[in-house]
Structure formats: structure tokens, C-alpha cells
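Please keep the sequence and the structure in view while going through the points.

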Amino acid sequence: MSNRLAGCLLLLAISPAATAADYVAIPAGRFVSALAIDGSASRIAIKPFTMRAEPVTNAEYLTFVSKYPQWQRGRVSPLFAGPQYLAAWQGPLILGAAAQQQPVTNVSWFAARAFCANEHARLPSWYEWEYVSAADGTHRDARQDQARNQTLLSAILASNGERPGVIGQHHANFYGLRDLNQLLWEWTGDYAAMFPNADSRVAGGGALLALCGGSALAFEDKNQYALMMRVAALTALKPADDAPRVGFRCVRDLPGK
Amino acid sequence: MRFPLHVLLLMGLVLAPPLAFASPPAATPLPKDSIYGIPTLILRDQQNDVFSFASLRGEPRLVGMFYGSCKMACPLEIETLKRIEHAIAQKRPIPVLLVTFDPTVDDVAMLRQVADEHHVQTPQFRLARPEEGDEGMLAGVLGIAYRPLLSGGFSHNVVVALLDAEGRVIATTDASGAPDPAFVRAIVDLEAKR
């Protein structure tokens, strides 16, 4: 079948409600990841996609769980979420002290994935997230700006594990995205596969054989301490885990790309 | 590229009506820790049969993931599962389902080719591709992670889970050669309880 025909049909299939959130277009590009998980200085090709301008908020997540009771606190399968799931909320359908415009946190990877699927979207890959987070207000890649790097690191070190504040308090970056680097940490769809040999379930002599492509942790760009802390924190989580500062945003593929 | 089921239906690519996927009414609700509780996942096997993952509830089963062009870990996974079947040969064979995480490449022809290469047949040994739904959810509950590599192929781990009839994970193995005795024993014990 032709991709163009398929793309047209796909557009027709998306309901108007699915476009309610603000997604911004991210152009294609190539960049060198700060991680050397695919070999030293590999140039990563990013296909164009669209991304939520801001992280998913408590208010948005409340709408989701109101519609899908199987994702409510107290009802969700223990396979998908732990006892701290949505812990900041007063009740399964009551935010209480949690602000509507705070990013939703204490959500598992499963829950984030289900939320995005519900709006015909998915979680970004690590490379997609890293690609857009490299920008500052005016440059696509500001990673060599030492003052910027220090600011991001200070923000992470100052966060101390408390819940993030409300979204949209910082300037949008080059792409029109907000709150990528300072407010919270975000799930990526492939986070668990960045270092799959770290999985205890493939420990022992079988570990090498269990991998078609092995990878070892190595940071190519030693200036990216803040990014390093994010990777370390994310890869320590299991997909049903959650944390007070880990939220998410969704992305969409562009039809036919 | 993947399409929602209704798009495939529009295009006339799916012959079976959606109602065919509905599971028969269950006598008891699904246990909360059953992996059949993942969001609806529609699969197509090497014989072109379309079925929902949740419809497999009812008997113990081995479930894992793979991809067809995998040169090392996945062929080893399939051969290890055959050896596990051999190790429990005095009992009835336990059905196997392996779902590809590379559906853009692994069409039915590819599934059939892999099945032929390893001399495995339905209904006992099913290789399947996701048609609709999120196979990433299945990977998550099985503890499987994968990521495409720049050079082609995937970085991934191997986990095969023994599910009881209700879809609870009883034991897992990395299926990397010699059958894990504890895993074989778990299968035999589960059969003995039925």
C-alpha cells in the first residue's frame, strides 16, 4: 500500500478530541548524543515529529482517569503501578492540594504510555527527548554553553525530590517547548532499553548471549552532568515504579514520514 | 508503519469482523495481576490467524518476544524453548507465543519463514505480530526492553514467562541455551496442579 494513501486515511481516523493538547512541530535533524550507547560520536538521525509543548498536567491526567477507571489509584493493576501511584492526589478523582497546572508525577511508565496512546500519541524515544532538550531559547543545540549547563545542574541539585511547581514558568525553547530541562524528569518510551544488560533478569553467564546488540554505559560529553543524572535516575526505575519528580509528555509521528 | 484496526478495516485488509476478537464471557473476573489485563492487543500469527492476546486465557502458556531478522539471541530463544518442550515431553506440550517487536519488517511471510526454519507449527508454537494495540505494554509486563540500533537490529533482552491459565507470571527464563531446570520444574508443577 502506498504510504501517502495510508497517511491520508490515518489523518481521517484521528478524532478532533485527539488534537486538544498543544503539540508543536519538531523538524528532522541530526545530532551527536551525549551518551555513547550506540558507539562513540554517532550522529543520530531524528525524523520529524510533534511534541506536547508542556508536560502532562494533573488536570489532564484527572480527565484521563475519570474516563478510564482502570487507571485510577486503587483500581489500577499492581502490574502497572505501585502503592505511591498518584500519591500527591487527595483521592482517586480528587486533586486536593495538588495543583491542576502542576505536571502529573508519581505516574508509572505504563500509565504514561496508556495516557499517550489514548490521544493517538506515544512517549518520546530517549534520542527524541535529548534532541529537543539540547536547545535553549535561541539555539537548537546549546549544549556547549557552560553557563546553561551549570544552571540546569543547579536546578536538578536544588530540587531535592520534592514535587515540581506549575508548568510554563520558564521561557519556551527554540522549538516552543517548555519545562524540558528544569522542572521535572520525563519518561521515555525506550528508557529501559538504554542499558538492557543492566537488567537483573539477564544476569550471569547468559547476559552476553541474551543481547543481540550489547551496550555499555559511557558518557561522551562529560559536561552534560544534568543529563547524566537524568539517565541514572530513569534507568533505576522499573516500568511500574513512579517518583515525585518524574512525569511525561507525549509525541506523535508525522504521517508518512 | 502501523495502522489502527479501523483503518485496516477501511482498507479491506482485515477480513474478520471486530466482533470475532471479543473474548467469550469469563466466569470469573481476570485477576489483577494477570498480564492478559494489558490494553487490547490484537495479534496475527504465522498462519494468518488474527486473535486477541487476552483470548489466550484458559490454559498455561509460555510467552516471550523476538524479532525475525535477529541473528543470535532470538534463534537461541526459539531453540531453547524447543529443548524445554523436550524436557517436559512426558507431559502434554505447553503452548508457546512469541510476539515480534519489529512489526514493520516482520510480516506474516517473515513469521512463516522463521517458523519453518525452526520447524515449529501452530497451534502449539505461535509466532505473531501486533496488528492493533501497544506491544510495548506486553514487553513492559514481561520485563522485556528493546531499542532499535543505528546499525540495524535491536538492542534487547530475552525473557520468556510461564503464565498460568489466568495469565499470572509463575516463572521466567532468559532462554539462552540449556533449559533452566527451575523453569522446567515450574512448568511440570503447574501442569500437575491442573
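1. Basis of the note. This is a predicted model, in which local features need pLDDT of at least 70 and side-chain atom pairs count only at pLDDT 80 or more, while totals for chains, interfaces and linings use all residues. Residues are numbered from 1 along each chain as its sequence is written, chains are lettered from A and ligands numbered from 1 in the order in which they are written, and side-chain values use heavy atoms, with hydrogens and water left out.

2. Chain A as a whole. Chain A contains 7 helices and 7 strands; helices (H or I, at least four residues) and strands (E, at least two) are DSSP runs, numbered from the N terminus. Along the sequence, the order of elements in chain A is α-β-β-β-β-α-α-α-α-β-α-α-β-β. Of its 257 residues, 53% count as buried, where buried means under 20% relative accessible area, exposed over 50%, and partly exposed in between (1.4 Å probe, protein chains only). Among contacts in chain A with a separation of 6 or more, 77% come from residues 24 or more positions apart; a contact means heavy atoms within 4.5 Å.

3. Helix 4 and helix 7 of chain A. Helix 4 (residues 126-133) is mostly covered, with 8 of its 8 residues buried, among them Tyr127(A) and Val132(A). The axes of helix 4 and helix 7 (residues 225-235) of chain A come within 13 Å and cross at roughly 155°. Axes are lines fitted to C-alpha atoms, for helices over the stretch in contact, and angles run from 0 to 180 degrees between N-to-C directions. The two helices of chain A are therefore roughly antiparallel; angles under 35 degrees count as roughly parallel, over 145 as roughly antiparallel, 65 to 115 as roughly perpendicular and the rest as oblique. Helix 4 of chain A contributes Trp126(A), Trp129(A), Glu130(A) and Ser133(A) to the contact, and helix 7 of chain A contributes Leu227(A), Arg230(A), Val231(A) and Leu234(A). By class, this contact of helix 4 with helix 7 of chain A has 5 nonpolar, 1 polar and 2 charged residues (Ala, Val, Leu, Ile, Met, Phe, Trp, Tyr, Cys and Pro count as nonpolar, Asp, Glu, Lys and Arg as charged, and the others, Gly among them, as polar).

4. A helix pair between chains. The axes of helix 3 (residues 109-118) of chain A and helix 4 (residues 135-142) of chain B come within 11 Å and cross at roughly 175°. These helices of chains A and B are therefore roughly antiparallel to each other. Trp109(A), Phe110(A), Arg113(A) and Ala114(A) of helix 3 of chain A meet Gly136(B), Met137(B), Gly140(B) and Val141(B) of helix 4 of chain B.

5. Backbone details. Most residues other than glycine have a negative phi, and most peptide bonds are trans. Asp179(A), not a glycine, has a positive phi of about 65°, and Asp179(A) is buried, with a relative accessible area of 4%. Asn48(B), also not a glycine, has a positive phi of about 75°, and Asn48(B) is partly exposed at 41%. Thr122(B) and Pro123(B) are joined by a cis peptide bond, with omega about 0°.

6. Asp174(B) lies in the loop between strand 9 (169-173) and helix 5 (181-193) of chain B. The relative accessible area of Asp174(B) is 18%, and the residue is buried.
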